Amino acid sequence: MQTENLGVFVQGATALGCLALSVFFLRFWQRSHDRLFAIFALAFLVFAVHYVMLVGFGSASETAVVIYGVRAFAFALILLAILDKNRAPSA
């Protein structure tokens, strides 16, 4: 198996894992209706899209900035979820 094919396989498996995590957090959101789980589900869905885009376009192309911008957006969603969960309750 060539190294390039192995890389595509690993990125596909990672995308599938991110998708599974997204469904996992979505299930917790359905039970608790906590926004943290909903935002985490969305973030991991964005991560899955990122890995699919990485395989589709390749990391060496001119679209690499857009691809990694998608990943930065997913990290921003996680940060937003944490800040939203830890904000001071209104009195």
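The expected span of a helix is taken as 1.5 Å times one less than its number of residues, where helices are DSSP runs (H or I, at least four residues) numbered from the N terminus. In this predicted model, local features need pLDDT of at least 70 and side-chain atom pairs count only at pLDDT 80 or more, while totals for chains, interfaces and linings use all residues. Residues are numbered from 1 along each chain as its sequence is written, and side-chain values use heavy atoms, with hydrogens and water left out.

After H2 comes Gly58, with a positive phi near 85°.

On to its partners: H2 (residues 35-57) and H3 (residues 64-86) have axes that come within 9 Å and cross at roughly 170°; axes are lines fitted to C-alpha atoms over the stretch in contact, with angles from 0 to 180 degrees between N-to-C directions. H2 and H3 are therefore roughly antiparallel (over 145 degrees). Their contact comprises 23 nonpolar, one polar and four charged residues.

The axes of H1 and H2 come within 8 Å, crossing at roughly 165°, so this pair is roughly antiparallel too. By class, the contact of H1 with H2 has 21 nonpolar, four polar and no charged residues.

Ser22 is found in H1 (residues 3-32). With 8% relative accessibility, Ser22 counts as buried (under 20% relative accessible area, 1.4 Å probe, protein chains only). Leaving aside residues up to four places away in sequence, Ser22 touches Ala41, Phe44 and Leu45 (heavy atoms within 4.5 Å).

Terms used:
Helices (H or I, at least four residues) and strands (E, at least two) are DSSP runs, numbered from the N terminus. Angles under 35 degrees count as roughly parallel, over 145 as roughly antiparallel, 65 to 115 as roughly perpendicular and the rest as oblique. Ala, Val, Leu, Ile, Met, Phe, Trp, Tyr, Cys and Pro count as nonpolar, Asp, Glu, Lys and Arg as charged, and the others, Gly among them, as polar. Buried means under 20% relative accessible area, exposed over 50%, partly exposed in between (1.4 Å probe, protein chains only).
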